[in-house]
Every structure is written in C-alpha cells, then in structure tokens.
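Reader: I'm new to looking at protein models. Could you walk me through a few features, one at a time?

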Amino acid sequence: MSRRGTRFISVQAASLLLFLLCGCNHEGADGSGVVAIFGGIGMGRGEFSYPRGLTLSPVDGCVFIVDKAARIQRFSPRGNYETEWRMPEFEQGKPTGLCVDRHNRVWVADTHYSRVMLFDRDGNELKRFGRTGRGPGEFIWPTNIAIDESDGSVLVGEYGGNDRISRFSADLAYRGSFASGDLEQGGTSRPQSIAIDASGVVWVADSAHHRICRYSRDGAFLGAVGRLGEGPDEFNYPYSLAIAPDRAVYVSDYGNNRVVRLGPDGRFLGSWGRMGREPGELRHAWSLALAGNGILYILDSWNSRVQLIRW
C-alpha cells in the first residue's frame, strides 16, 4: 500500500473514532467543541489542495468540497470519502463556491469561466448557464450560489466589476439583480456568500466591505452590520454564511481565523476559534455549513481539513 493510501485510511479512521467518542456532547475531549476532523494536504482521496467551497446536501447530509485542483469530492456526513470528479475546464482558474438543492443536484460557481454549472451528485453534468459580460444574466467572476426554496429561484453572487446578486427563475430565466451600487444603499464589493432565512431575508457576506448585509426577497436593502477589525461587530473578509433554525447566523470570518455567531437582528452573540493548527484552531476558514443535527462543518482552508463542531 502506498504512503498516500496509508495516510488516507489513518485520517479517516481517526476522524470517525473522534466522532463516535464525542457524539452529541457539547464539547470535544479537548474542550474546543470539536466532534470530528477529516482531510489533509495532498491530491489523494480525502485530501485537499487549498479547499475553498463546502456545502451539505439537504437530502442525505453528504458533504461536497471543491479545492484549488478543480476537484469536487463527496463525503458521507461523517467525513468518509465517497467519490470525486473534476471540472471540465480549469486552466483559467478554479471554482470558489457550490451548493446542493433539494433534488440533490450540485450547483457550482465556475468562477473564472463566468458561468454556473449543474451536476448530479455523482458528477454527471446536467446543464450550464452564463457568459462573460456585464449585462442581464451575464457574469464576470461568479463566486457563490443559493437556492430560494420558496420558489426554486437561483441567486448568484459575483465580483470583478459587476459586484451584485442576480436572481434567476427555477427554469433559469433572468429576473433581476440587486446589491450593486453605492455602499450606503446596499452596494457590495465581492459578495462571497448568500443565505436565506426562514422569514425570507437574504443575507449576503459583503466580504471586501467587511460586513454582512440583509435584503428583502425583492432586493430592497434592509441594513448591514460590521466593519474592518477584530472585535465584536467587526470582520476581516467574511466569506461564508449559514443560518440555524432559530435564525442565528454563522459567519466564517476568514481573515480573523474564527467563526462568528449573530442574532437574527445582526447582533453579535459570540465567536469560536483562533489562529493555529490544533483542533479548535483555524487558518483561514473559507466556508461553512450547518447540518440538521446542529453540527457546524467548517472548511479550515489553509489547514486543508474540515472541522465539525457543536457550538
């Protein structure tokens, strides 16, 4: 057996053992709240080369992760490797965001090809849409996608000059854009993540403005919280959002190496994590997702791993 294969098995076995030992406890054995860790640096199965996008299937809880090798890997909810595929083109650049809908289809923001691609859960391409441009339904660098389950519409965030959120119907007809323009009116700079809460509020990680914005479903600006910094109500490139059933909002604060929890009104409720390599420590968390059992999956990018925590 190769060294790579041995490493993969040991990483998976250790993470599964840690998950079983910690189970549903509030805190892991080290007091960090970590209940499992999986991944590692490399190009083998279950390893990553600078992973940047993570999402969970609402159907079966499987984990999908895209890295800078343009690979999308699928794992079981406990972090066991299942399969992978590679984007059809990647010479110009790699995807940065993805999501899974209630039909178990995987939507990928193919950033440097100015398009969105749709796959089934095994990596078979179903469709693609978008082209380079600044007009309606066109993209510069799309970074992230969210599905509005109320009507099946698709929201796509992008930057590179457009810096906006575009909405498409379930059959991918363009329906308009928002979150562009003046800062005070809700304009964004590199909107890196979109999440929709149970009341229909659209939350956007306005990463280069170091704040979190809120909009109505029709795109009206409802307000923002945050500024550049390290303290409460401050962020350093917030990159990803996840919303809990109680409408609490989790934010991966990439530059501050932490996860922040906000109330439904945007009020700061606490933070988790610090700079480092040990369990409970982060090196630039790019993405996160919340499972139905309350476990938070954090893509610890520079450590090339996923940490599962119960907060």
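Author: Happy to! Keep in mind that this is a predicted model. Let's start with a hairpin: strands β18 and β19 form one, with five residues between them. In the turn, Arg247 has a positive phi of about 75°.

Reader: In which sense do β18 and β19 pair, and over how many bridges?

Author: Strand β18, residues 238–243, pairs with β19 in the antiparallel sense, over five bridges.

Reader: Which strand pairs with β19 over residues 258–262?

Author: That is β20, and this pairing is antiparallel over five bridges too. Here you can pick out Val251, whose bridge partner in β20 is Val260. The β19 and β20 hairpin has four residues between the strands, and Asn257 takes a positive phi near 55° there.

Reader: Is β19 mostly covered or mostly open?

Author: A residue counts as buried when its relative accessible area is under 20%. By that test β19, residues 249–253, is mostly covered, with five of its five residues buried. Both faces are covered: Val249, Val251 and Asp253 lie on one side, Tyr250 and Ser252 on the other.

Reader: You keep mentioning positive phi. Why point it out?

Author: Because most residues other than glycine have a negative phi. In this model, Ala70 has a positive phi of about 65° although it is not a glycine. You'll find Ala70 in the loop between β3 (63–67) and β4 (71–75). Asp233 also has a positive phi of about 65° without being a glycine, and its place is the loop between β17 (221–225) and β18.

Reader: How much space lies in the largest pocket?

Author: About 1,100 Å³. Its lining has 46 residues, and the closest to the centre are Thr55, Leu56, Cys99, Val100 and Leu241. Several strands give two or more residues to this lining, including β2 (51–56), β6 (97–100) and β18.

Reader: Which element gives the most to the lining of the largest pocket?

Author: That's β10, with six residues.

Technical notes
Residues are numbered from 1 along each chain as its sequence is written. This is a predicted model: local features need pLDDT of at least 70, side-chain atom pairs count only at pLDDT 80 or more; totals for chains, interfaces and linings use all residues. Side-chain values use heavy atoms; hydrogens and water are left out. Buried means under 20% relative accessible area, exposed over 50%, partly exposed in between (1.4 Å probe, protein chains only). Two strands pair if DSSP finds at least two bridges between them. On a 1 Å grid over the protein atoms alone, a cavity is a set of points where a 1.4 Å probe fits but cannot get out, and a pocket is an open set with protein on both sides within 12 Å along at least five of seven lines; lining residues have an atom within 4 Å of a point. Grid points are joined across faces, edges and corners, and a volume is the space filled by probe spheres set on the points.
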